[in-house]
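Welcome! Let us take a short walk through a protein model together. Have a look at the sequence and the fold first.

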Amino acid sequence: MIPASFGQLLAKVSKLRTHLLFAPSYFTTARLSNQNSKPHERNILLMGPPGAGKTCVGWILGHRLGMPVIDIDDDVLERTWGMSVADKLSEIGGDGFIEEEGKAVCRFAATGSVISLTGSNPLHSDAMRHLKRSGLAVYLDVDTEDIMQRLSRMKVNRIVGQDAGVSMREILHYRKQFYEKWLDARVLCGTGDSVEDVADKVLRTLLRYEDSESEVFVSTRSQMSSDPKFFSDVVIEGLAPDGGLYVPKKGFPKLEPSEWLRISSHATRAVAILENCIHPMDVSPVELSTMVCRAYGQNFADQSVVPLKHLTDHQYLLELFHGPTASFKDLALQLMPQLFAHCLPQMCNYLILVATSGDTGSAVLNGFRNLKDSDRERIGVLVVFPENGVSEIQKLQMTGFQEGNAKSISVLSNFDFCQRSIKRMFGDSSLIGHLAVEYATVLSTANSINWARLLPQVVYHCSAYMDLLRNRTLTFGDPIDVCIPTGNFGNAMSALYAKQMGIPIRKVICASNHNCIISDFIASGKYDLRNRKLQVSNSPAIDILKSSNLERFIHHASGGDGSLVRDLCLNLERERIFKVSETLRQKINLELQAGWCSEEDCLRAIQEVHTTTGFIMDTHTAVGKVVVYMTKPAICSTAHHGKFAPAVLKALQCQDIPPDPVEQLDKLCSIGGREQMHDALLKCMGNSGHHPHKVCQADYNKLTDEVETMIQDSFLRVQ
């Protein structure tokens, strides 16, 4: 990935130049023109608005890479027209200029060069298609304020396409869509970056393309893999063959403070973060941006997607429940199905198996339902949940999906049995082989054990910190604690990954209910399942004893010791206990803090916060509130209170709680006001009715029978 030092970067420059000149695969081999040139010589196309520094950056790159430098303005347009660009613009006007400029560029040919485009080249589609046939388009995404200052110093007050009455800021914003349409790689420039800084970033971006095989994933339970796994592989596979979870071998890229300060909305933050974490050979920046827009553009009730609300004193709530199924799972599962469909091989069908403690199920079913028809024909979804371990409203949300290739079934056991059974299926070679041969179907998962489920959650932890900067609560570098109601540890792990990317999170505070195995482990270093039974609680989404993502954290805290993680997991399977060394426990405590709360304290917190502020918390948020009662963190509010209406109404001392879920939501509306209710949740309950669903015994073989039946109902049998 990115070299550790500038010296290392320079040492790779000659290798990079050779690669650009003789690259065999990931640039199209079409030539710029019919002129004679080596078939694999590729250009570097520097793209961006006027004032982005393309010309200066081009000269620096050309010098460092030993490549010819071409400026479209000086070397193409003015030579073609025999007059200055300014004179041509004055002669024919803005609209005519873009067309004439495009024609000139389409007649232009070059190979193996650094080419600085004009700010208006991307407005002409034919010209850009012509240039990109043998060039990599690198977008210099420079801060608008820096652009404005440079244009002012250059005494530029109008640019091509800027009509009367349109400000410079407005035309720059309008142009951005064209740069993002054609980019192959983005260089996110921090506020105040010099042209030398930008040139360094361009080199790093090019090296990332050249060294794509370094962005591999490893299992938490192995040291090395002879078969390299890339993002596309781990999205489809879900679980590693050895039973471990995939993690990026080199960890997360780190953004600079000046880069963080550039990204303002949830969508732009998502694009910037995910572009740095997903190699463009797996998902191109243009495709990724489209997916992000589709995921977060219209599907969330709040315009900011994840609003940060002041609660009391110095405590803030990060509201993660404004998605279509009213929990934080929507933030990953409006995007993850699109990533899965994009990476899907063409030769077989896939059945997504999901174990849920409540919220994941409806979010998965909703997310995969929104895929285009051609993808849904090849992807089935089967959700398995504990019959008596979810709220009635959660159950209605899931059982409402019983059509086509998606449905849910329940099991007369707890979540840990559901999750353990699905993991066992992935390691059952007889079952896997049978499904592949008989039905050309492969199993995968959308639980947080799948990397594409976990990765999008990093975004909202980053977003919370940036919102605290925007409202002037913090300045960049001030540390913050994040409190997360924790069961399967995926949400907590994503906060730790946000820390790796440069967000100054001091401690991740894990909040448990009376199923407090995580908090006990963090305190003692001992994970002990012996003589411990799962207890039903008012916060069912964290009623989990076997936390899947904890092994990702141990892998991280141990410096990537796959052998250690494998041995600990084996001990847990065989003896139902493991214990880490005191040295490792101390490392864990540097990043994690934990606590738990009783059922009584949970309900009391809901009542007290409502009395003090008028805000109604859900039961999971209340667990977090109790655990951090006297500290000043951001608390992740992971679900809307309406999903756990009976417990919340009890906490609010409501008499005669109605048995009907719709009436329960109406009662909550009368207490908290219509503005606190979740419209999608109300609509879902209003349309729910009674949906019968299959209830299975806690038997692994019966569950595998249900999987095969689901495949038979969903996909054509292989003849």
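## About the model

This is a predicted model, where local features need pLDDT of at least 70, side-chain atom pairs count only at pLDDT 80 or more, and totals for chains, interfaces and linings use all residues. Residues are numbered from 1 along each chain as its sequence is written, and side-chain values use heavy atoms, leaving out hydrogens and water.

Helices (H or I, at least four residues) and strands (E, at least two) are DSSP runs, numbered from the N terminus. Helix H27 covers residues 582-591, and its buried residues are Leu 584, Arg 585, Ile 588 and Glu 591; buried means under 20% relative accessible area, exposed over 50%, and partly exposed in between (1.4 Å probe, protein chains only).

## A sheet of five strands

Strands of a sheet pair through backbone hydrogen bonds, either parallel or antiparallel. Here, five strands form an open sheet in the order E13-E10-E11-E12-E20, with parallel pairing; two strands pair if DSSP finds at least two bridges between them. Strands E13 (441-445) and E20 (694-696) are at the edges and have a single partner strand each, so one side of each is left without a neighbour in the sheet.

Strand E10 (residues 349-355) is joined to E13 by five bridges, and Asn 349 stands opposite Thr 441 in E13. Helix H33 (residues 700-714) lies across E10, E11, E12, E13 and E20, running at about 165 degrees to E12. Such angles run from 0 to 180 degrees between N-to-C directions, with axes as lines fitted to C-alpha atoms, for helices over the stretch in contact.

Val 187 sits in strand E5 (residues 185-188) and is buried, with a relative accessible area of 2%. Beyond its neighbours within four places in sequence, Val 187 has contacts (heavy atoms within 4.5 Å) that include Val 138, Leu 140 and Thr 205.

Ser 222 belongs to the loop between strand E6 (217-219) and helix H10 (231-237). Ser 222 is buried too, with a relative accessible area of 16%.
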